[in-house]
Amino acid sequence: RRCARVVAVDVDAAKLDQARHNAAIYGVLDKIDFVHDDAIAVLRRATADVVFLSPPWGGPSYGDDFDARVIRVGAADGVELVALARKAATRVAYFLPRTLSGASVEALAAAAGAASVEVESNYLNNKLKAKTLYFGFDAPTPVPCFDLNDAQCADRGEALLDALERFGCAQLVAPPELRDANERARAAWTAFFGLPDAEKQRIAPGADVD
């Protein structure tokens, strides 16, 4: 909902059909171009603001200490893939198994030529399901005033919502200024969930506030 235009690429036509179905459910079908093509070929000729990578991992048997090099997309392995993506876009997000090894994080960061990498842990029903790595998102995001007790905040509720939209819940492997930004994001979430339910709904109508 936040991107002006998205291009979704997959070599599997059935997966593109599933993606179209999901996009229709969420009301964003008109914002997405679905391309049946080889993702590697597209990355070699494309430029974008952001590239999101979600390659096949090899099924539920991927095991502990997952090595990103076992991923195969055409002739490229999982580490080579992020290098190609960084040539197409300065910012790359990479969806990977929850057991991704620390050595793989380092190898991916080196291949991406990134000064830092943000490692986001993705949970479903209180269980760690995957990790998303972010490369090229190096500049700390400014956080507006969201202190609900600070009379100097012009519109504290909307400023808090803006802060929540800018940040996710993430564990950072990054320079100190980015760790500081993440701590402020954590404070924003804490402030939001500390509000009465009615106030949460006023700030973010329709949101799941539990």
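Me: Helices are DSSP runs of H or I with at least four residues, and strands are runs of E with at least two, numbered from the N terminus. In this predicted model, which residue follows α4?

Reply: The chain has seven helices and nine strands by this assignment. The residue following α4 has a positive phi, near 65°. That residue is Gly113.

Me: Which element gives the most residues to the largest nonpolar core?

Reply: This core has 31 residues, and those with the most contacts inside it are Leu53, Tyr94, Leu108, Leu133 and Phe135. Elements that give two or more residues to the core include α2 (39–45), β3 (50–53), α4 (102–112) and β8 (127–135). The most, six residues, comes from α3.

Me: Which residue is held within 2.9 Å of a side-chain oxygen at the start of α3, through its backbone nitrogen?

Reply: Helix α3 spans residues 78–88, and its buried residues include Gly78, Leu81 and Ala88. At the start of α3, the side-chain oxygen belongs to Asp77. The backbone nitrogen that it reaches is that of Val79.

Me: How many residues apart in the chain are Trp57 and Phe95?

Reply: Trp57 and Phe95 form a tilted aromatic pair, 5.4 Å centre to centre with 35° between the planes. Trp57 lies in the loop between β3 and β4 (72–73), whereas Phe95 lies in strand β6. The pair thus links distant parts of the chain, and the number of residues apart is 38.

Me: Why is the pair of Tyr134 and Phe137 described as it is, and what is that description?

Reply: Tyr134 is partly exposed, with a relative accessible area of 21%, and Phe137 is partly exposed as well, at 30%. Planes over 60 degrees apart count as edge-to-face. The ring centres of Tyr134 and Phe137 are 5.6 Å apart and their planes stand at 90°, so the pair is edge-to-face.

Note on methods. Residues are numbered from 1 along each chain as its sequence is written. This is a predicted model: local features need pLDDT of at least 70, side-chain atom pairs count only at pLDDT 80 or more; totals for chains, interfaces and linings use all residues. Side-chain values use heavy atoms; hydrogens and water are left out. Buried means under 20% relative accessible area, exposed over 50%, partly exposed in between (1.4 Å probe, protein chains only). A polar contact is a pair of N or O atoms within 3.5 Å; within protein, one must be able to donate a hydrogen and the other to accept it, and residues adjacent in sequence count only if both atoms are side-chain atoms. A nonpolar core is a set of buried Ala, Val, Leu, Ile, Met, Phe, Trp, Tyr and Cys residues joined through side-chain atoms within 4.5 Å. Rings of Phe, Tyr and Trp (its six-membered ring) pair if their centres lie within 6.5 Å; planes under 30 degrees apart count as stacked, over 60 as edge-to-face and the rest as tilted.
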